[in-house]
Amino acid sequence: MKKCLVILVCLNFFMQKIVEARSPTRFASPLFLCRSSSFLQQAFAPRMGFSGRPSPSRIWIIKRYHQLDKDSWYFVVGSGISDVGGYVQVFSQAWLLYKLTGSGSWLAWDATALAVGIAFGLPFAATWADKTGHREYCILSAGQFFLPAALGVLTLVHVITPTIILVFSFINGLGQSLGGSLFNRIAKDIRDRLAPEKKSTFDSFGQFKINFARMIGPLLGAAIFGQVMSRVVIS
Amino acid sequence: MNALSFVLLVAALLQMKDRIRGAKPNNQTNSPFARWWNAVSDSIREWQRHTILKVIFLISALAALLGSPLQSMLASFTSNKTGQLATYQIAYYAGAVFSNIFAVWFSKRSQNGVLDRHPWVAPIILGSFTVIFAQFSNFPLRLTALFLGGGAYAWSRLVAVNYTHQLIPKSHIARVLALYYLFQHASIALAGVLAGTLALSKWGVTGSLSLIGLTLAGISASMGFASFIRVRPTDA
């Protein structure tokens, strides 16, 4: 349980950082991000055949994506992995709540807290995203990384309660509204630079990664917690 | 380690010089709330400026209101078998993923950035397969209906995002998409109340889901023939 939460926290954190590091604003690459960015670039770019070279891949969907630019690829893959991490976290929080209470009604409250957080945060977050641009927004959006970390610590020291999880879900909803607005703005930046015939391809990939995360996130969470968590007793 | 890397991230972001500035609200006032409200109303005006976008948001909200019960009421059709429920859920989301992959392939036909010029078709498909799912107890048929229904729902969301990105300028995009997501959340919340209330009525779960699907298909088909839907995205 504890290890899983720590792993999830780290995973989610690095996924978010990869996206922010490769955003189209071209802001300076912090040193601590260079390693992951270079790794991704070296691992995938030669096979994808960026910079206008024809893709050697025989898989049509990769060929199709090859028509987009590098930033599009970083955006879809980076934010897609981040989405998966987000759904794993939502699943794990709900699971933890259920283990603590054994009540289905608490799960409904948890989902409501998350939805209320998103609905409450969206009008403010989106206004902020449009007005201030990326940099300041990134800084504040990065604050949400404290949430899974704090949740992990509280679970480790056995002071977690259902009420605390509900509060975390609400704040998580606020964080999602912040991050979502930022991603929407980044997506628009990337899309505007693409040729007209490639814009809808980019939109399709953008929705694909969300639905893929919706499908994979809970399955991954269930696999992790079903295999690992069952051996660890929550007191 | 996480806390340290967060500090480093903030420090790096503070060093950055370049940024993208959006449009400022029209009426600058001293009150933060007034400025915020101006920005929100500005985005609503921008959204209302595009007739096609108003229609798309309406269709998408309808698809959420009358289409999401197909997924939320799945447990009622599983005969208390959790494995069957999991299979249904996987079929639904697999349909959504397949729909997006199909959209990637289909997007090569688009030359101006608009993916689908007939946005009412996907809700018709969703409504029709909702009725088929409710009325037929054949397991493979139900799986197929869920697969295609989930795909149609995902398609309607994709089309809404595609049109929004196509028509709304960068300075307003986050706010207008926030408006869209608020419509979606509100519709899904209302859908739960609607489906739950109908399921408790004399129609029962099967009848109410059929009624919901039929209504969605009917309204969407009607909108397809309405004159205002013929407004093309070139009005931007």
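Predicted model: local features only at pLDDT ≥ 70, side-chain atom pairs only at ≥ 80, totals over all residues.
Student: What makes up the secondary structure of chain B?

Tutor: Chain B has 9 helices and 0 strands. Its elements, read from the N terminus, run α-α-α-α-α-α-α-α-α. Chain A likewise comes to 9 helices and 0 strands.

Student: Why is Glu46(B) called buried?

Tutor: The label needs 20 or more other C-beta atoms within 10 Å. Glu46(B) has 20 other C-beta atoms within 10 Å, so Glu46(B) is buried. The residue sits in helix α2 (residues 32–48) of chain B.

Student: Which residues is Glu46(B) in contact with, leaving aside neighbours within four places in sequence?

Tutor: Those residues are Ile168(B), His172(B) and Val176(B). There is also a C-alpha separation of 9.7 Å between Glu46(B) and Ile173(B), which are 127 residues apart along the chain.

Student: How do you know what share of the contacts in each chain joins residues 24 or more positions apart?

Tutor: The share is taken among contacts with a separation of 6 or more. In chain B, residues 24 or more positions apart account for 77% of them, and in chain A for 79%.

Student: Why are α3(B) and α9(B) called roughly antiparallel?

Tutor: Two packed helices are described by the angle between their axes and the distance between the axes. For helix α3 (residues 51–67) and helix α9 (residues 204–225) of chain B, the axes come within 9 Å and cross at roughly 165°. Angles over 145 degrees count as roughly antiparallel, so α3(B) is roughly antiparallel to α9(B). Their crossing is left-handed.

Student: Which residues of α3(B) and α9(B) meet?

Tutor: On the α3(B) side they are Ile59(B), Leu62(B), Ala63(B), Leu66(B) and Gly67(B). On the α9(B) side they are Ile212(B), Thr215(B), Leu216(B), Ile219(B), Ser220(B) and Met223(B). By class, the contact of α3(B) with α9(B) has 8 nonpolar, 3 polar and no charged residues.

Student: What makes α3(B) and α7(B) roughly antiparallel to each other?

Tutor: The axes of α3(B) and α7(B) cross at roughly 160° and come within 10 Å. The cut-off is again over 145 degrees, and α3(B) and α7(B) are therefore roughly antiparallel to each other. The crossing of α3(B) with α7(B) is left-handed.

Student: Which residues make the contact of α3(B) with α7(B)?

Tutor: From α3(B), they include Ile52(B), Ile56(B), Ser60(B) and Ala63(B). From α7(B), they include Tyr153(B), Arg157(B), Val159(B) and Tyr163(B). This contact divides into 11 nonpolar, 4 polar and 1 charged residues.

Student: Which residues of the largest nonpolar core touch the most other members?

Tutor: In this core of 101 residues, they are Ile56(B), Ala63(B), Leu126(B), Ala152(B), Val159(B) and Tyr163(B). Helix α7 (residues 139–167) of chain B gives the most to the core, with 14 residues.

Student: How do you know which residues Ala152(B) is in contact with, leaving aside its neighbours within four places in sequence?

Tutor: A contact needs C-beta atoms within 7 Å. By that rule, Ala152(B) is in contact with Ala122(B), Ile125(B), Leu126(B) and Phe129(B), leaving aside its neighbours within four places in sequence.

Terms used:
Residues numbered from 1 in each chain as written. Chains lettered and ligands numbered in written order. Core = buried A, V, L, I, M, F, W, Y, C linked by C-beta atoms within 7 Å. Buried ≥ 20, exposed ≤ 12 C-beta atoms within 10 Å, placed from the backbone. Helix = DSSP H or I, 4+ residues; strand = E, 2+ residues; numbered from the N terminus. Contact = placed C-beta atoms within 7 Å. Axes fitted to C-alpha atoms, helices over the stretch in contact; angles between N-to-C directions. Parallel < 35°, antiparallel > 145°, perpendicular 65-115°, else oblique. Left-handed = near helix turned anticlockwise from the far one by under 90°. Nonpolar A, V, L, I, M, F, W, Y, C, P; charged D, E, K, R; others polar.
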